[in-house]
Structures are given as structure tokens and as C-alpha cells.
Amino acid sequence: MALGGTAVLALGHALFLAVEFILLRRVNRTDPAPQASATQLLRAWWRETWVALQVFCWRQPFFSNAVPDCVAPGTFTPGRCGVVLIHGFMCNRGFWTPWLQRLRHSGHPFAAVNLEPLFGSIDDYARAIDEAVAQVSAAAGRPPVLVCHSMGGLVARAWLRMAAADARVAHVVTIGSPHGGTWLGRFSRAVNGRQMILGSEWLGALGAAEAPARRQGFTCWYSNCDNIVFPASTATLPGADNRFIAGVPHVALAFDPLVMHASLAKIDAL
């Protein structure tokens, strides 16, 4: 019975993802990003099926604190740049476990936040970011890099706006973040979900408050197979270092070897 229940859960999850990929292909037809081939979409669907199951059914519910924050003396190498990691919608710090393992191994001080309440306003998460940045900055002795997945990129921008905190961060990396909103936002009834609707009033106010210099401190990763944030180019930010990667789905984008290697290399160089 347990095996049968697991199989039903996995099959339902895979079918739900398949619908998302069908929708993204239709919506992306008018997007300026390179169009994904049928083969890329099929491979992305299969990849996302397994990666998302690992994240949502294993890592986050059971091992969210498997790798604790490294901000206490003796837990990191002095002189290394610090990192604050900000997860996305309906996630927790366990999402970042592979990143936390890499950061701990390389000696960086870091903190991974939990955004609460789960369905609250994005603006309400600013305090958690402020506290994490203060902790990591105190440990490293200098501003940290923010690494953000999905909604986490909007959380970082909202905090920068509210705290006027440009001088408190060295750089911001966003991965599949709906900077322009997402087509799927129309189906959400949560406060933060409605804020991520394409062209929402909240997103418009957020963009209007940003100076061009702030966006120059962003690196934004996006893909033509992102099954949550589409049209694809909505994950870009005008004036930022926007980096396209083909054929990678939403959750898997955060753990893609190229994305991780390039992002960690930048952190190492600071």
C-alpha cells in the first residue's frame, strides 16, 4: 500500500508538471527568449519531476536544518565573503542544502532564511533578510552576496527598497525569479502569489523605486524551460547581468552545475 501510494503521488506530480510545460510552450511563443525544442521540454519535464520530488518530499520536510547556518567563530574561514540565501514560494531553507554544503566546504560564512508567514506579503519578509544580512556581515566583516531562487529575488529587491540597503550587499544573484511576474500568478489566491501576477501594481511600484545603479549589481539566471516563471524573459531585469541557460526547469535551475559553478566562482572572487 505504501509503495502504491508513493507511485500515485509521483504520477500525479508528473502529470501536473506536464500541464505546466504545455502551458509554458504556448505562452513562450511570443517571448524574445530562444524557443525551447520539444526534446528540451521533454528532458526538462523529466528532470523537474525528480528534482522537485527530492526537494519537496524529502529535503524540505525532513532535513531543513541538516546544514546549520555558519556565522559563529570557528565555523568558517576568516576573510571569506559571506552569503545570504533566500528561498522562493512555498519553500524553506532546506531547499538550499546542496549550496550550504558547498559553502561550508569552501569556508564561507552563510545564513539561509525561512520566509514566514508562508502566504504573506513579500514586503513582510524584509525583517528576516535584514537580520540575516546583519548576522553574516558581522561574521565576515563586510557585505554579503544574496543568492535568491524564484520569489526570493523579489524579496531581496523589496528589502533593498525598504531598507535603502545598497551599500549592505556586495552582489545579488537571482535564479528563475519573476522580476516581471509570471503567467501562472493569475491562479494564485495568496497575497504573495497575487503580487507576482504579470505586470502587477506591486511589481510596478517595486521597479519604479529602483535606480539603474542598483540593478547593475544583479546577476539574473533564466531559462526557456522554466515551468513556473514564464514567459521566460520575465525572469530578467533591465540593466542587470541577465544570463540565459537553455532547457533547464524551475527548481532544477537552482542546482544546475553551470549556475552553481558560476555563482560560487563569483562569490569566491569577492
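Predicted model: local features only at pLDDT ≥ 70, side-chain atom pairs only at ≥ 80, totals over all residues.

Visitor: Let's start with strand β1. Which of its residues are buried?
Guide: Strand β1 covers residues 83–86. V83 and L85 on one side are buried, and so are V84 and I86 on the other, which leaves both faces of the strand covered.

Visitor: What about β2, in which sense does it pair with β1?
Guide: The pairing is parallel, and 3 bridges connect β1 with β2, which spans residues 110–112. Within β2, A112 is the bridge partner of L85.

Visitor: And how many bridges join β1 to β3?
Guide: There are 4, and these two strands also run parallel; β3 comprises residues 145–149. Here L85 stands opposite V147.

Visitor: Which helix makes a β-α-β unit with β1 and β2?
Guide: That is α3, residues 97–106, and the unit is right-handed.

Visitor: Changing topic: at what angle do α3 and α10 pack?
Guide: The angle is about 40°, and the axes of α3 and α10 (residues 257–269) lie 12 Å apart. Their crossing is right-handed.

Visitor: Which residues make that contact?
Guide: Helix α3 contributes P98, W99, R102 and L103, while α10 contributes V259, M260, S263 and L264.

Visitor: How do the residues of the contact divide into nonpolar, polar and charged?
Guide: In the contact of α3 with α10, 6 are nonpolar, 1 is polar and 1 is charged.

How values were computed
Residues numbered from 1 in each chain as written. Heavy atoms only, no water. Buried < 20%, exposed > 50% of the residue type's maximum accessible area, 1.4 Å probe, protein only. Pairing = 2+ DSSP bridges. Right-handed = clockwise from strand over helix to strand, strands pointing away. Axes fitted to C-alpha atoms, helices over the stretch in contact; angles between N-to-C directions. Left-handed = near helix turned anticlockwise from the far one by under 90°. Contact = heavy atoms within 4.5 Å. Nonpolar A, V, L, I, M, F, W, Y, C, P; charged D, E, K, R; others polar.
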